[in-house]
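Student: I have a chain open on screen and would like to learn how to read it. Could you take me through it?

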Amino acid sequence: MNGKPLLIFVGGPYSNDCAVTREENVNKIHHIVKELMKMGHYILECHSLEHSFFPDNELHHADFLRQTLNWIERCDAMFLLENSPGANLEYKRAMELKIPIYDSLKDVPKVDSYQTVLDDINLKLSYETDSSS
């Protein structure tokens, strides 16, 4: 199934007492995000945001889950990397919204004209640069 770019929320484990495991979790999410972006999709993920605030005594994991549960309501689909307590809440919300949930890159629909979109953006950027001279 080919079509338009989707806004995809990417969920998976983040929180862990071990800093190395948290870093590994962020790296796994970044790999999926990169692949989905290369396919032409738009991505929301909270791992980078939460990781940049860790440790923060003012914000807690629940504060970031509140963000993600809100974001999912705006998404066309979810990509679930692995289960975790937080990711399972996000999964449950995606199920309630009846949006597609993917757990394999091969199952994510391809974008019809990703290269055309890139060419259009580059053309527009080049036109704006030329026009301002």
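Predicted model: local features only at pLDDT ≥ 70, side-chain atom pairs only at ≥ 80, totals over all residues.

Tutor: Residues are numbered from 1 along each chain as its sequence is written, and side-chain values use heavy atoms, with hydrogens and water left out.

Student: What pattern does the chain follow along the sequence?

Tutor: Helices (H or I, at least four residues) and strands (E, at least two) are DSSP runs, numbered from the N terminus. Here there are five helices and six strands, in the order β-β-α-β-α-α-β-α-β-β-α.

Student: Which residues of helix 3 are buried?

Tutor: The general idea first: an α-helix has 3.6 residues a turn, so residues three or four places apart point the same way. "Buried" is under 20% relative accessible area, "exposed" over 50%, and partly exposed lies in between (1.4 Å probe, protein chains only). In helix 3, the buried ones are Phe-64, Leu-65, Thr-68, Trp-71 and Ile-72. They sit on the same side of helix 3, because they cover an arc of only 120 degrees around the axis, taken from the directions from the helix axis to the C-beta atoms. Ala-62 and Arg-66, on the other side, are exposed.

Student: How many residues does the largest nonpolar core have?

Tutor: A nonpolar core is a set of buried Ala, Val, Leu, Ile, Met, Phe, Trp, Tyr and Cys residues joined through side-chain atoms within 4.5 Å. The largest has 13 residues, and Ile-8, Val-10, Leu-36, Ile-43, Phe-79, Tyr-102 and Val-108 have the most contacts inside it. Strand 2 (7-11), helix 1 (19-38) and strand 4 (77-80) each supply at least two of this core's residues, with helix 1 giving the largest share, four. Apart from this core lies another, of eleven residues, including Phe-64, Met-78, Ala-87 and Ile-99.

Student: Where is Lys-98 found?

Tutor: Look in the loop between helix 4 (85-97) and strand 5 (101-102). Lys-98 has phi near 60 degrees, a positive value in a residue other than glycine. With 72% relative accessibility, Lys-98 counts as exposed.
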